[in-house]
Amino acid sequence: MNAETFFFSKENVVEVVIAVQQNPARLARVAIGLSLSRARHMASYVSNLSREADYGSDHRAAAALHDCHSNFGDAVDEIHGSLKQMQQLGAAGSSAEAFRFRMSNVQTWMSAALTDEETCTDGFDDVPEGPVKSDVCERAADVKKFTSNALALVNSYAAKEMP
């Protein structure tokens, strides 16, 4: 089973739980992969909203949506980079120094992604309450939970495995 690309279903949930319990690195990779998927969907969603907002009368909301799209684009790049670093951890001949370097990158980039996601919602502070603002902020909060959980699992793994 490829832990980075599987999907949860009723049929494979037990298999997934057993696999990730036996391998904390796999658990962290799965969490990062889920975070990446959520961030990509959010970036796409906000992109579509920002195109529609360009034709509206609320320029503050349009600006916040454009900024949010940029923030989530950055978050996607950082999470993707983190996933690549995690996939390279087990490379043959990896030294303790290489492990520390890669884990430091993952921790830094996942933290930066979380900051970018938070910056998206901060950009709506000056936007009047309304359906677009509440919808985007709620969806962003959901993505932030996935990224925060992934970062916590990465930090836990790094603390246990850091040579």
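**Exercise 1.** Decide whether Phe99 is buried or exposed.

*Solution.* The relative accessible area of Phe99 is 11%. Buried means under 20%, exposed over 50%, and partly exposed in between (1.4 Å probe, protein chains only). Phe99 is therefore buried. Tyr157, with a relative accessible area of 10%, is buried as well.

The model is predicted: local features need pLDDT of at least 70, side-chain atom pairs count only at pLDDT 80 or more, and totals for chains, interfaces and linings use all residues. Residues are numbered from 1 along each chain as its sequence is written, and side-chain values use heavy atoms, with hydrogens and water left out.

**Exercise 2.** Find how many aromatic pairs the whole structure holds, and classify the geometry of Phe99 and Tyr157.

*Solution.* Rings of Phe, Tyr and Trp (its six-membered ring) pair if their centres lie within 6.5 Å; planes under 30 degrees apart are stacked, over 60 edge-to-face, and the rest tilted. The search of the whole structure gives 1 aromatic pair. In Phe99 and Tyr157 the ring centres are 6.0 Å apart and the planes stand at 70°, so the pair is edge-to-face.

**Exercise 3.** Describe how helix α3 (residues 59–87) packs against α5.

*Solution.* Two packed helices are described by the angle between their axes and the distance between the axes. Axes are lines fitted to C-alpha atoms, for helices over the stretch in contact, with angles from 0 to 180 degrees between N-to-C directions. Here the angle is about 20° and the axes are 13 Å apart. That makes α3 roughly parallel to α5 (under 35 degrees; over 145 is roughly antiparallel, 65 to 115 roughly perpendicular, the rest oblique). The residues making the contact (heavy atoms within 4.5 Å) include Phe72 and Ile79 of α3, and Ala140, Val143 and Tyr157 of α5.

**Exercise 4.** State where Ala39 lies and which residues Ala39 touches.

*Solution.* Ala39 is placed in helix α2, and its relative accessible area of 0% makes Ala39 buried. Leaving out residues up to four places away in sequence, Ala39 touches Phe72, Val76, Ile79, Glu117 and Val143. Between Ala39 and Ala140 the C-alpha to C-alpha distance is 8.5 Å, across 101 residues in sequence.

Methods: Helices (H or I, at least four residues) and strands (E, at least two) are DSSP runs, numbered from the N terminus.
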